[in-house]
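Subject: Structure handover

Hello,

Here is the structure I promised to pass on. Please have it open while you read; my notes follow below.

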Amino acid sequence: MLMASAMNWRKATILVSSSILGNCLLNNITKELLPNYSQSARVRYNSTELNLHRNVGFIALLLNPTYNNSVFMALIIQKFGGTSVGNLDRLQHVAKKVAQTRAQGHDVVVVVSAMNGETDRLLNLAKAIQIDPDPREYAVLLTTGEQVSTALLTMALMTLGCPARSYTGAQARIQTDNHHEKANILNVDCQALRAELAAGCVPVVAGFQGISAGGEITTLGRGGSDTTAVALAAALKADECQIYTDVDGIYTADPKLVPKAQRLDRVTFSEMLELAGSGAKVLQQRAVEFAQKNRVPLRVLSSFQDGPGTLVTFEAGSKEPSPVTGIAASQREAKLTIKGLGADSESMTQLLTALNAIHVDIDLFNQQANSAAQDVNFTLLRDDYARAHTTLRKFAEKFNASALIEDMQVAKLSLVGVGLRSHPAIIDKLFKTLGTVGIGIQLVSASELKVSIVINEKEIGHGACALHTAFGLDSATP
Ligand code: ASP
Ligand code: MG
């Protein structure tokens, strides 16, 4: 029996006194295993299998002399987004990556999105026939996109000699409620997937879909393949859930808007939630919530370039956090102004109830009142506006509003960071910075980890760059 001690799993220093554990294995452990895997793992070295267990502050290595290899093994969920499987060359590249991971001795479960643009294509077909597509048929139609990628990727894996089998959400027994457009996962019965893994096969699971108790096909909301991956990682107790995408991690801002954006080595779950909820498109917000709740180790990586990506962590780094970790930009907003409402609170209550009933969320909100009347401004998702339109018109009529003004030319910028809590001067700096470059702020909202503003959509890049510089993110060293 060998003992290795470590003060902290992630920054472990391993002290080992054994001839079996040469430098090579030590390097493997410190470089690859410790930063990535959280609970326990098996390491194969020569004729020895070592079981590594995290055990409050130390790692015990137990010898079991039956295997013959020199790699460590883990169960990894690898999820590939639409651009990663966007054409056949890319799909074959993904197959090689999966086969390589498998060849290193790891168990792999793959989750795939529909090929780039396919979900939108299907959605447009539906909308060309029915303005507000029937929810059941919407789900039946949209889930075909992921089925295409699972079958093709499975075939590509087979041609590489890697045993694989495709699974729809229903076949993978991803059980959801019966909301067709944005279902919640209730349970994953992973017996079938476990048997597949035990037989040495790679299950390739269709993301974004599940099945209700009544046997109906459901979808998990746009971007929902991330949630599939996280749910499978939680159910299978995977060592890591890797989300492969077209960027090599989470950035301080969208590099397309802010050329000086920097990759973050790590970001906390709470920051990631705020970023994802504020328009950062890399991870679906529900997936981050699910991962946080189920303590799934989550990493965002590029399909096209090697690198450590960004690890989503539970604790903030040991360094004094800078007030702002990242800036999220959203161009999916619409701003509504209702003028001349009665000054009582009844109208507002009814407005919120009516929107709630049709599942439309209000985001930023502002109310200007005098003794006789009030104007309200608020934002909602542009996608939701078509659904909310009739309700809002009726509401405006009922309460004799003098005008209902819609503005689709707005964008939202959100500063996010755990450090915001202790920096009350952020809003002041934000106003000064944007004032200096001549950008008007239409709405503001602030919470513990986030300050959001609404500006003219045309100014989004300009505004994001100015704030990125002002808050010291141009040369971030997180
Ligand atoms: N294909 C779905 C979408 O485009 C789900 C996903 O990609 O995660 O929203
Ligand atoms: Mg996505």
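Leu443 stands opposite Val454 in β25. Strand β24 (residues 443-446) pairs with β25 in the antiparallel sense, over four bridges. Two strands count as paired if DSSP finds at least two bridges between them. Strands (E, at least two residues) and helices (H or I, at least four) are DSSP runs, numbered from the N terminus. A hairpin of three residues joins β24 to β25. Strand β23 (residues 410-416) also pairs with β25 in the antiparallel sense, over seven bridges. There, Val410 stands opposite Asn456. Strand β25 (residues 450-456) is mostly covered, with six of its seven residues buried. Buried means 20 or more other C-beta atoms within 10 Å of the residue's own, all placed from the backbone.

**How to read this**

The model is predicted: local features need pLDDT of at least 70, side-chain atom pairs count only at pLDDT 80 or more, and totals for chains, interfaces and linings use all residues. Residues are numbered from 1 along each chain as its sequence is written, while chains are lettered from A and ligands numbered from 1 in the order in which they are written.

**An open sheet**

Four strands form an open sheet in the order β10-β9-β12-β13, with mixed pairing. β10 (185-188) and β13 (217-219) stand at the edges with a single partner strand each, so one side of each has no neighbour in the sheet. Strand β9 (residues 174-176) runs parallel to β12 (residues 209-212), joined by two bridges. Gln175 has Ile211 as its bridge partner in β12.

**The cores**

A nonpolar core is a set of buried Ala, Val, Leu, Ile, Met, Phe, Trp, Tyr and Cys residues joined through C-beta atoms within 7 Å. The largest one has 99 residues. Val110, Leu153, Val230, Leu232, Ala233 and Cys241 touch the most other members. Helix α6 gives the most to this core, with eight residues. A second, separate core has ten residues, including Leu341, Ala388, Leu392 and Ala396.

**The ligand**

Best wishes

Conventions:
A residue is buried if 20 or more other C-beta atoms lie within 10 Å of its own, exposed if 12 or fewer, and partly exposed in between; C-beta atoms are placed from the backbone.
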